[in-house]
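Below is a brisk report on selected helices and strands. Please keep the sequence and the structure open beside it.

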Amino acid sequence: MAPRLEVRSLVKEYPGVRALEGVDFEVQPGEVHCLLGPNGAGKSTLIKCVSGVVEPTAGEILLDGEPLPVGDPSASLRRGVATIYQELDLVEELTVAQSVFLAHEPRRGPFLDLDRMRGDAAKLLARLGHERIDPRTKIKELRPAARQVVSIARALSHDVRLLIMDEPSAILDDGEIETLFEVVRRLAADGVAVIYISHRLDEIRRIGDRVTVLSDGRSVATGLPAETPTEQLVELMVGRAVEQLYPERRNGAGTEDVMLEVRNLRGLPMVRGVSLQVRAGEVVGLGGLVGSGRTELLRLIYGLDTPDEGEVLVGGRRLPPGKAGRAIAAGLGLAPEDRKSQGLLLEWSQTKNVSLADLGRFQRGLLNVRAERAAVREHLSRLKTVPADGERVVRELSGGNQQKVVLARWLLHHCRVLLLDEPTRGVDVATKAELYRVIADLAAAGVAVLVVSSELGELIGICDRILVMREGALVFEVDGDRASERELLQHAVAPIESADLIEEVR
Amino acid sequence: MTTSSPESDRTASPSEAMTERRVAGFHLQEYALVIVVILLFVAGAILKPDSFPTWDNVRNMLTQASVVGVLAIGMTFVIATAGIDLSVGSMVAAAGMFGGILVDPEGSTLLFIAGAIFFATLLGSVNAIAIAYGRVVPFIATLAMFSIARGIALLLNDKLPVGLLDLNGGSFGDPGAFSLLWFGTGRIFGIPVSVYVFLGIVIAGWVVLNRTRYGRFVVAVGGNREAARIAGVPVRRTILSVYVLSGFLAGISAVLLCARLGSASPVSGNLYELDAIGAVVIGGTSLAGGRATIGGTFLGVLTFALIFSLMTQMDLSTEVQQVVKGAIVLGAVLLQRPEARL
């Protein structure tokens, strides 16, 4: 039997850049095939070629032994190739049901069959274990994780033979990932072939059957068993071994000075009375499920939203509520959850992005552009940003380097409290290690760091103390060197297990 | 998903690297506009060799261009924040009329200027508050002001214009320095005073936009409001300020216009908003915000002035000119689409 998908020596050239320089791999029906590679290895280009969004320069793509029309996304979709992209492409104003059936709405005669649309959408969501999402909700009211679920439901609404998932777990927390895996396993059992892209190496063994590794636009290893040791995969990806992912743990980190203090902060409905302290030099992690109120808590602390009650103190001084400008002046910095839409001006140069929070120090009457560039260059090179050319437009950088630009902004500002929301999302493993080192260095220099992350291993690896949030309140606290993923997850999930819901659907 | 860029942290060769300048394309666009301006002038010189390339005509063109040019600088700031100000033409008329009735039957040049600028700034502030604090969409808020200001201009003197020649002893005569008419018809080293005013505002606008923190904030707010806020930019105050600025500059524009005509008219300034927006867009400032160029706006103003001077000399009617004007603005916006950009 022909493989479900066969890619033969695929090449894609852009003006000046060869994104793919010969990729071979195949996916069998019912297989979950993981695609691994650092940012820029060509993974996104490869799946765009398969889904028809991008026309390859040379090479062949066969679906069930027959050539797939190139550069025609709707033809690919008709043949049963569905893709869930890294950047979710949902329309905010549409409802869930409308999004699931966008452009192939069920009809009765010339009219939309709204009842069937809602009913079918509900069924698809239930199949994903998320029947709590109401098909009539608008997309803009959903958190990123729920949007991801809607995207998957949309892919399922087509008669899918090959499902491509580009980092579906990047915005999910560990509890939801297990739900997602359950769905993927069931699709595979139905004979659907799945291409699964992720930066999280531990996921490969949990979900994958085989692995193909891309590096610099080539497939450097193809069809390896999922049990391949992690070190070997990392070496293939980066061409060298990453010596150590997490920095050395320091003993007795943090001083006695409480740098950030939060007292009974409430911002209903998401944050229901949170008190915490972060000492200078300490890295405190904030774990919990997506939607447990972690991002909202950071926004309240930073003054982007106004709390209903409670106060925030920096270095012992109370911040006025809901004033981000004052919080920044007091030494706070925030690297937001979504770098592209909240952290950066994508069309601006690195220099301007870095200096934006601290332009005052370059202004003596007029802005001293030369001093600005020099100061920024120093910080960019300290963070090993690639490229170090401060005039490069931020849109062009990889996720990891974009995150470094955000961090450089707060380094330049000499911030005393740094709030990081999912700082390594969508970042490859080598850059992750660099970011962890930067965080450790900042803490060593006396900055108080509060990190939100859905990767429990990451929290344990870099935090001196970990807090777990559930339904808007802190429910657990543990020292980083004593924490276990299992324990954190237990405290993060609500007493009512969502796994039961999956059972019902079966 | 229509993005077609490869994953982008592959180290492209330096020549492929896009710096901000290249991607924004406005340096390129500015060079192109310089060529357009030169070509238009050459075309005029060939088509109308007797009347077009004369010092008189150039002077005339520049004087007329200054009135809209001042508005276009304010409009550049507004559009940089991803806003729009449709009320500038009406504000020019209302400001002129307000200044006019202040000095009618008697008053001083200074009172006229102060009155006109004050009133336009006031109207601009109404726009600003409605948009920044009332969260009215700029298009609607300034469309309302477009109507309100025009109505006020007509009400102030019962639809009649106000003569301002008394400020110059009753006739155009020879305007003394710093008299009102001097701003419209006076010259220094053969160049009209209004042109100096315009150039001064162009330079000030460039410096503020490119060499001050405030200017950076203006463009940041237009580029990504949420990211600007998280970086500590006072978003609301910044938005507020650009509409006040636009009103203030409409006041200056009104002074230049009335000084040239020797009167304030309630029907003046008609469609100036289109001229100003057109000049800004031709210059390369993005209607989506986040990218602004004063140099481009300046060249856009010159381009418009040359085209209309040429058409007037070719005896094309104002109706034809209006069609051409609209078509140019539409074309410029079409060229601004992301796919059409370099």
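## A helix pair in chain B

Helix 5 (residues 109-132) of chain B packs against helix 6 (residues 138-156) of chain B at an angle of about 150°. Their axes lie 9 Å apart. Axes are lines fitted to C-alpha atoms, for helices over the stretch in contact, and angles run from 0 to 180 degrees between N-to-C directions. Helix 5 and helix 6 of chain B are therefore roughly antiparallel (an angle over 145 degrees). Their crossing is right-handed (the near helix is turned clockwise from the far one by less than a right angle).

Helix 5 of chain B makes the contact with B:L123, B:V126, B:N127, B:A130 and B:I131. Helix 6 of chain B brings B:P138, B:A141, B:T142, B:M145 and B:A149. Contact requires C-beta atoms, placed from the backbone, within 7 Å. Eight of the contact residues are nonpolar, two are polar and none is charged. Ala, Val, Leu, Ile, Met, Phe, Trp, Tyr, Cys and Pro count as nonpolar, Asp, Glu, Lys and Arg as charged, and the others, Gly among them, as polar.

## Basis of the model

The model is predicted: local features need pLDDT of at least 70, side-chain atom pairs need 80 or more, and totals for chains, interfaces and linings use all residues. Residues are numbered from 1 along each chain as its sequence is written, while chains are lettered from A and ligands numbered from 1 in the order written. Helices (H or I, at least four residues) and strands (E, at least two) are DSSP runs, numbered from the N terminus.

## The six-stranded sheet of chain A

Six strands of chain A form an open sheet in the order 6-9-10-3-11-12, with mixed pairing. Pairing requires at least two DSSP bridges between two strands. Strand 6 (81-84) and strand 12 (218-225) are the edges. The twist averages 15° from one strand to the next.

Strand 3 (residues 32-36) and strand 10 (residues 193-197) of chain A run parallel, joined by four bridges. A:L35 stands opposite A:I197. Helix 6 (residues 174-189) of chain A lies across strands 3, 9 and 10, at about 150° to strand 10.

## Buried elements of chain A

In helix 9 (residues 294-302) of chain A, nine of nine residues are buried (20 or more other C-beta atoms within 10 Å of their own, C-beta atoms being placed from the backbone). Among them are A:R294, A:E296 and A:R299. A:G303 follows helix 9 of chain A, with a positive phi near 85°.

Strand 18 (residues 332-335) of chain A points A:L332 and A:L334 one way and A:G333 and A:A335 the other. All are buried.

Technical notes: Parallel < 35°, antiparallel > 145°, perpendicular 65-115°, else oblique. Contact = placed C-beta atoms within 7 Å. Buried ≥ 20, exposed ≤ 12 C-beta atoms within 10 Å, placed from the backbone.
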